[in-house]
Amino acid sequence: MQIQSNIKKIQDEICAAAQKSGRNASGVTLIAVSKRKPAEMIQQAIDAGHRDFGENYIQEAMEKIDLLGRESATWHFIGHLQSNKAKFAVKYFDLIHTVDTVKLAKEINRQAEKIGKIQEILLQVNIARETTKSGAQESEIMDIANQVCQFDNLHVSGLMCMPPFFDDPEEARIYFKRLKQISKDIEALNLPHTDMTHLSMGMSNDFTVAVEEGATLVRVGTAIFGARP
Ligand SMILES: *Cc1c(COP(=O)(O)O)cnc(C)c1O
């Protein structure tokens, strides 16, 4: 019941933020981030009609997805991905949000080709240039987009970022604006296998600001499932 009402509350806040900025809320998908939460909690959300889930750790995700069923939900990989785990990410996930090097893209492409899949991916940008975070630097993102679009078994459908945590979410706004501008710059290149449909940005603390700035995918964990252990 709690999970269901949390999701409802967040959906309402997404609607309000979309309206405020003249957007249609149907253009925003809420991804329930279930990392370090048990499969039973995901099942509760599925039973309540929720469809999209985000996971960060391959091993943990595979165990839960095997339990719940690969087709029972749309699975988003939002954690840091090592090339040697690309095979599993391709097998289990509908959208990989965290591609930040050509090397990783190349390996995902290779694994996708093996199983005859076109893998949907996002390019992750380290938007505030934090040394502790993954993501490509803004200075290299155009070059990466130009190379990744050459891979036949990848489809690039947008960008992802994770700004620093601020007590006041307004402080994240400039970073969301910046990601949107980079997205427009890439769109203008008209690259093959690429369309800038998605901006994956906004978490529990700042998703309303992200929606105001154009987020199409918001990734919310704590506000749905509670604090993580
Ligand atoms: C954990 C995580 C989230 C969710 O964070 P909350 O603050 O719990 O909403 C979103 N995105 C990424 C990449 C994460 O790792």
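The model is predicted, and the values below are computed from it. The ligand sits in the largest pocket, while valine 211 has its place in helix 8, which spans residues 207–212.

**Ligand site**

- There are 13 residues around the ligand, and those that come nearest are Lys35, Asn56, Ser204, Gly221 and Thr222.
- In the side chain of serine 204, an N or O atom is 2.5 Å from an oxygen atom of the ligand, and a polar side-chain atom of threonine 222 likewise lies 2.5 Å from a ligand oxygen atom.
- Glycine 221 takes part through its backbone, where an N or O atom lies 2.8 Å from an oxygen atom of the ligand.
- On its own the ligand has 390 Å² of accessible area, of which the protein covers 90%.

**Helix 3**

- Within helix 3, which runs over residues 58–68, the buried residues are Ile58, Ala61, Met62, Lys64, Ile65 and Leu68.
- After helix 3 comes glycine 69, whose phi is positive, near 105°.

**Valine 211**

- Valine 211 counts as buried because its relative accessible area is 0%, which is under the 20% cut-off.
- When neighbours within four places in sequence are left aside, valine 211 is in contact with Ile14, Ala17, Ala18, Ser21, Arg23, Val28 and Val218.
- Serine 200 is eleven residues from valine 211 along the chain, and their C-alpha atoms are separated by 9.9 Å.

Notes. Residues numbered from 1 in each chain as written. Predicted model: local features only at pLDDT ≥ 70, side-chain atom pairs only at ≥ 80, totals over all residues. Heavy atoms only, no water. Buried < 20%, exposed > 50% of the residue type's maximum accessible area, 1.4 Å probe, protein only. Helix = DSSP H or I, 4+ residues; strand = E, 2+ residues; numbered from the N terminus. Contact = heavy atoms within 4.5 Å. Near = heavy atom within 4 Å. Polar contact = N/O pair within 3.5 Å; in protein donor to acceptor, adjacent residues only side chain to side chain. Areas by Shrake-Rupley, 256 points an atom, 1.4 Å probe, with all protein chains shown as cover. 1 Å grid on protein atoms, 1.4 Å probe; cavity = no way out; pocket = protein on both sides within 12 Å on 5 of 7 lines; lining within 4 Å. Sits in = over half its atoms within 2 Å of the grid points.
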